[in-house]
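User: Could you take a close look at the salt bridges in this model and walk me through them in one go?

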Amino acid sequence: MIQIGLVGNPNSGKSSLFNALTGLNQKVGNFPGVTVDKKTGICDLGEQQKATLIDLPGTYSLYPKRGDEWVTYQVLMGQDKEVKLDMLILLADASNLKRNLLFVSQIIDLKIPVIVALTMMDLARSKGIEVDLEGLERELGVPVVAVNPRKSKGIPQLKKIMAATAKGQYKAPAFDFIANHELAAGPVSEVKQLVPGLSDYKAIHYLINHESFELGAGLQEKIETAEKNHAFNPTKTQAEEILQRYARIKTIMGQTVAEPDPLHKTILTDKLDSILLHRVWGYLILLGVLFLLFQSVFLIAQYPMDAIETGFGALGSWLGEVLPATWWSDLLINGIVAGLGGIVIFVPQIMILFGLITILEDTGYMARISFLTDKLMRKVGLNGKSVMPMISAFACAVPAIMSARNIENKKERLLTILVTPLMSCSARLPVYTILIALVIPQKMIGGIVSLQGLVMMGLYLLGIVLAMAISWIAKWFIQNKDKSFFILELPMYRAPRWKNIFTTMIQKAQIFVFEAGKVIMVISLLLWAMSSYGPGERMAQVEAEFAALKAAQPEALEELEKAEASAKLANSYAGILGKAIEPAIEPLGYDWKIGIALITSFAAREVFVGTMATLYSVGDSDDESGLLLREKMQQEKKSDGSPVYSLATGLSLMVFYLLAMQCMSTLAVVKRETRSWKWPMIQLAYMTALAYVMSWLVYTIAS
């Protein structure tokens, strides 16, 4: 199967085209040796011909500066062992063609078959820009096709050209865009002899960046010698190349592009930016957007979540009635069904959260959030680019930390990595939901604002505030003199693509159910075993004691069965483990069952709900098996008769889950990104200590 690379400037429409060409036939991995997302998908070219489409990180030119740009560069230079491209689809923004053509011209000179997909044609027309597609194709010497992936326009024509290129009907242009050989004739000729098959332009890049390529020691030395013998100056060569490219681009633009007077009327994007980026209104609107986001997550998801919870409760109760009382039926009801219920119930919230975040990205507002917050971020040692990883961490900290590679400054990148896990990821959402439902009343303020939604928003904002505070403190300890720049291209405002939004929602739900679900199910089954069995002598002693009590007090049989179930759970292996750590967590208002959940949550935070579902199912007597998990937790009492889940305990537990580093995957990716165990260990220590102290303060004050 042929491999096709998808390249282009950031915000040129790559993701939209990738989705349009591949649909749901996608998977996400990492490029070998680096933690940058590698999106691949299968594209059907027709006539029983398929291709692997690889979405490469956006870049402005073939002179990389950021980690993700280096990924694209290595692939284009043929230095990636897994990716060997047969052709390229290069997206170019028709509304900003001059800048995009620089990258186009560089790709052409690499001598890889390339198709230029011209996007944003509707936006170009709104600006009064007209592009002669046939003339542009003639001047560039490569196929040019106009596409609008958001509306699926031009996709059939693009696939037709892709199929023709795959059959060899379109080849790389024979002539260079500029006279690359003349930029450094001597060393270029020498490198081409050392590495046969290079184009003149690729040879220049070997001279500039060969130290970053995987070449033999002998070849590295010979290229270095060629540089010295010909006094090759990479900076001068690069500057001359760019000047020559823009000179030719200016000529091509004059022949193929009709542009209006620079003083044309302000377009809609500019008008919206004057409001949304206002120094006062911009921040108020941002807070309003976040408020609506969390209100929606809580209110809209409430109905399907209630239906799912009721359904699983009824299923467990029905199975308890029809199945015999054996170990395998107990495993099915209290292990598998309870574990599945703890997974599926939160799918509506996961889908709604990701859907709303995708809308913010799709409309172009997410980039404005970075712009708005840059000034604030700099005061605490970060910059505007730190906002994107931090917002992405509302979904998951792992890809968010990977995306911090966009930050050029090492200190700001490290600070971003250290504080990003304080953002409330989707794994915390199930914990927040069940605890808020337990201790916060379903009250509407003013008849329209949910108190529970306000508490959830408060948790998210608390994470942001504490992340800022930690970054401000840490910036004094992490020394780095590199200058920091914040350059961001603001995309145009666009209507959201509902197909793309629904695709994302389905994909994220699948990831949650099948990836997080595996962990939850394994731990649920392990917990069932640990909660159902214990040391033989202790369990036999409990059974003997209660057998005597039942014989002596037959009128209190129901109460004694409840007490026996609780006693067996307390003396099980899980109970012994929970009791062992109870003295350490008692000052926070937690009992031994919560202690077990804290331990299992280090595999994944969302395991908290599955743990509680298993513990309270195993500890049930028969008449309680039909109760919902929230009802079981509400009925839980301490030895003095007071409820375990009081307001103080609930708030303390929410704060603990907000701040604690309970995610092995995050620690692993931090180690990989920083190439050291030092920073993940620092992260684990400070977040655990912060969680303990803050939870104790909240419990003490709320009590």
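Analyst: Here is a tour of the salt bridges, pair by pair.

A quick word on the ground rules: this is a predicted model, where local features need pLDDT of at least 70, side-chain atom pairs count only at pLDDT 80 or more, and totals for chains, interfaces and linings use all residues. Residues are numbered from 1 along each chain as its sequence is written, and side-chain values use heavy atoms, with hydrogens and water left out.

Searching the whole structure turns up 7 salt bridges (a side-chain nitrogen of Lys or Arg within 4 Å of a carboxyl oxygen of Asp or Glu). Let's start with K14 and D55, whose side chains meet at 2.7 Å, N to O. That pair links distant parts of the chain, with K14 in helix α1 (residues 14–22) and D55 in strand β4 (residues 49–55), 41 residues apart. Helices (H or I, at least four residues) and strands (E, at least two) are DSSP runs here, numbered from the N terminus. Both ends are tucked away: K14 is buried at 9% relative accessible area, and D55 is buried at 7%. For the cut-offs, buried means under 20% relative accessible area, exposed means over 50%, and partly exposed is in between (1.4 Å probe, protein chains only).

Next up is the bridge between the side chains of D44 and K50, at 3.8 Å, N to O. D44 counts as partly exposed, with 38% relative accessibility, and K50 is partly exposed too, at 43%.

Then there's D109 with R245, a salt bridge at 2.9 Å, N to O. D109 sits in the loop between α3 (97–108) and β6 (114–119), while R245 belongs to helix α11 (residues 234–256), so the pair ties together parts 136 residues apart in sequence. As for cover, D109 is buried with a relative accessible area of 0%, and R245 is likewise buried at 0%.

D200 counts as buried because its relative accessibility is 16%. Setting aside neighbours within four places in sequence, D200 is in contact with D176, N180, H181, V188 and K192, where contact means heavy atoms within 4.5 Å.
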